[in-house]
Amino acid sequence: MSSVVLSIGSNLGDRLAHLQSVVSGLRGAVRAVSPVYETDAWGGVEQGPFLNAVVLADAPDLDGPGWLRRAHEFENAADRVREQRWGPRTLDVDIVSCHDGDAEVRSDDPVLTLPHPLAHQRAFVLVPWLAAAPDAVLTVAGQSVPVADLLAGLAAGERDGVRGTDLELVP
């Protein structure tokens, strides 16, 4: 049984519907869904704000590359265009971490690096993840670190840029 933490985001089109498409597409695999947050774009490209959430899911038949294929299927269904790094997008699905049973899946493959190499720097990942799984941990530089500690270590401005909304995703 593999389990995954997916960070999902959208800042083009019907942002909430794009996020919901992932949750709906995973059907019974979803274990938990975070609240929906609005965040300023990350990465220095001028663009509109994102809606972000985190989805925790399990599947007996998927490994890391299998989850990546599913993520790309969701992005393709939302007509995601990859023209500019960190640019605007209809849907972004990132695999933050993946476990096979109790063992963390690790990968240094440039196509799929696990755990996600920048997740610990991104409040838009950590805030929703912590809301969905208060005891979550992420491996950073070979060490398992509580997500709450990673979030506390970010600059206040980074944390404050993740704003709660009244929007909800329906599992």
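Start with helix 2, residues 64-77: at 1.5 Å a residue, its 14 residues should span 20 Å, and the end C-alpha atoms are 20 Å apart, so the two agree. The model is a predicted one.

Stay at the start of this helix and select Asp 63 together with Gly 66. A side-chain oxygen of Asp 63 comes to within 2.8 Å of the backbone nitrogen of Gly 66. Then go past the other end: Asp 79, which follows helix 2, has a positive phi, near 60 degrees.

Next, colour the buried residues of helix 2: Gly 64, Gly 66, Trp 67, Leu 68, Ala 71, Phe 74 and Glu 75. What do the buried residues of helix 2 pack against? Show strand 1 (2-10), helix 1 (15-26), strand 4 (50-59), strand 5 (92-100) and strand 8 (113-114) to see their partners.

From there, move to strand 4 and select Asn 52. Is Asn 52 buried or exposed? Its relative accessibility is 3%, under the 20% cut-off, so Asn 52 counts as buried. Display the side chain of Thr 39 as well; a polar contact of 2.5 Å joins it to the side chain of Asn 52. Beyond its neighbours within four places in sequence, Asn 52 also has contacts that include Ile 8, Gly 9, Leu 19, Tyr 37 and Phe 124.

Finish in the loop between strand 3 (37-39) and strand 4, at Ala 41. With 27% relative accessibility, Ala 41 counts as partly exposed. Leaving aside neighbours within four places in sequence, Ala 41 is in contact with Gln 47, Gly 48 and Phe 50.

Definitions and conventions:
Residues numbered from 1 in each chain as written. Predicted model: local features only at pLDDT ≥ 70, side-chain atom pairs only at ≥ 80, totals over all residues. Heavy atoms only, no water. Helix = DSSP H or I, 4+ residues; strand = E, 2+ residues; numbered from the N terminus. Expected span 1.5 Å × (residues − 1). Buried < 20%, exposed > 50% of the residue type's maximum accessible area, 1.4 Å probe, protein only. Contact = heavy atoms within 4.5 Å. Polar contact = N/O pair within 3.5 Å; in protein donor to acceptor, adjacent residues only side chain to side chain.
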